[in-house]
Amino acid sequence: MSFSQTEEGVVDISVNNDHSPRAPIFPKEIPLISEPKKKSSLYTVQKVFQFGSRSPRLLKLTSRGIQNCQVGGEVSSHHNYSNVTSVTLKGNNTIIISYDGDHDYTYETPSAEAVLHEITERAALRKFNMKKRVNREIIHKFTQVLDSYTNPKTPRGNATSLPAIPVEANLNQMNGNTEESRKFRSERMKIRHPNENILNQRILAAFVDILTTPNTMEDITISAFVRNFDNNWKSSGNAGEFCREFMNLMSQNCMRQHVPIVAQKLDKWMEELLIHEKPDIELILEKSLQQLIILPLHEKLWTQIQLQERKSDITVKEKMAFLKKVPPEVFGINKEHAKVEWKHSVKELESIYTGKWLPLDKLECLMETCRNIANSMTDNYTSSGFVSADEFLPILIYVMCRSNLDDLSTLTEYLFSLCAPSYLLGEMGYYLTAFASAVGFIKDLDVDEFLSEGNREVK
């Protein structure tokens, strides 16, 4: 909405219909703007009724809205500033206030011009503070989710304390100029050895052979678990967590008994393939366990989690359909980043359901999407050497809303339930937490408030 006084003295508060950038919902920097020194202002007015009769009234302007009061102080009507569609000044002493969904209110007062300017000022301030609140909400949601998965004592969804390191510091560490960030970027941008995939496949095949050797404890246990899964998981109440607990036990057993055996073969394979840096054996073991346990149970696990998250999935899908029509500037994406179409990131994210059944495969796809966003932000943003949370998260939300993905609440719970806890603490966990925060923000978004208080128009 824009406030502009016409030649006739009309202050127009109608929604802007052109394609000029709207004020961002996530401002990069939030200046400190306090409420007016007076919490409310009181004006003595004459209310003019439809047929010309008049009655003394008190017009009270508060931080939240406009109150039409009887002389004794009783409130006859109250309207939020978001419901004001126009304020018209006629002559020197008459002011007409138009509200959405209600009739016009006409008042006569020597202070008509002062009333007009104060309504304009308070409505603009209310609009700005709404944007600050939305920004705080998304960052707070992010830190809540991050804390709930890095602090085992904090129940998921009920985190009350913030991480020891602020969110901005976490992202600065990844993308800034500290020694840790340089190490992170060198790992992220490292050129992969052409034979690395061959080595990883050999290790994966070795673990699969060990775990599927007929009549061994591992083969018998895994086969029995998969075969009796339907009957056994219900006693635990959560299919995903039940499956993950079993995988943790199998992983611990393999680390003690079988990893040393595979490690003995590893040196020979690395020498043959001219590879000098050892791969992450634990990660490959995790992938082999997911292949043997989660893959045959994928449909059952997904269905059970989907039943739990069905209501959230519907809510998120409906709100994503609304947000898909909103231009990037509304998300608080700055001018440099708004020029980027983000098509590559959207395409990468949409591939998360294409031939990727294992949680690790889906998580790697999500990581690649977030890396694409971070790299594009760095390439297209010259005024800073790092990516902060209040810049990264709005773009991630925008990319998600531009995609055609369904069941995002189910996907989030699927990944958190089935991925090994150790992989939820590093880079994988960081980006999964950001993704979960974005899904949570979309789910909890009040669309009506977004439109009225945020003053946005859907094209």
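Student: What does the accessible surface of the protein chain come to, and how much of it belongs to carbon and sulfur atoms?

Tutor: About 23,400 Å², with 51% belonging to carbon and sulfur atoms. Areas like this come from the Shrake-Rupley method with a 1.4 Å probe, and for residues only the protein chains shown count as cover. Keep in mind that this is a predicted model, where local features need pLDDT of at least 70, side-chain atom pairs count only at pLDDT 80 or more, and totals for chains, interfaces and linings use all residues. Residues are numbered from 1 along each chain as its sequence is written, and side-chain values use heavy atoms, with hydrogens and water left out.

Student: Why is A123 called buried?

Tutor: Buried means under 20% relative accessible area, exposed over 50%, and partly exposed in between (1.4 Å probe, protein chains only). A123 has 9%, so it is buried. You'll find A123 in helix α1 (residues 112-150); helices (H or I, at least four residues) and strands (E, at least two) are DSSP runs, numbered from the N terminus. A123 and Y81 are 42 residues apart in sequence, yet their C-alpha atoms are 5.4 Å apart in space.

Student: And what makes H298 buried?

Tutor: Its relative accessible area is 13%, so H298 gets the label too. H298 is in helix α9 (residues 281-323). Leaving aside neighbours within four places in sequence, H298 is in contact (heavy atoms within 4.5 Å) with W357, K362 and Y414.

Student: How do you know that α15 is largely enclosed by the rest of the structure?

Tutor: Count the residues: 16 of the 18 in α15 are buried, so the helix is largely enclosed.

Student: Why are α5 and α7 called roughly antiparallel?

Tutor: The axes of α5 (residues 217-227) and α7 (residues 239-257) come within 12 Å and cross at roughly 175°. Axes are lines fitted to C-alpha atoms, for helices over the stretch in contact, with angles from 0 to 180 degrees between N-to-C directions. Under 35 degrees counts as roughly parallel, over 145 as roughly antiparallel, 65 to 115 as roughly perpendicular and the rest as oblique. The pair is therefore roughly antiparallel.

Student: Which residues of α5 and α7 meet?

Tutor: From α5, the list includes M217, I222 and F225; among those from α7 are F242, F246 and M250.
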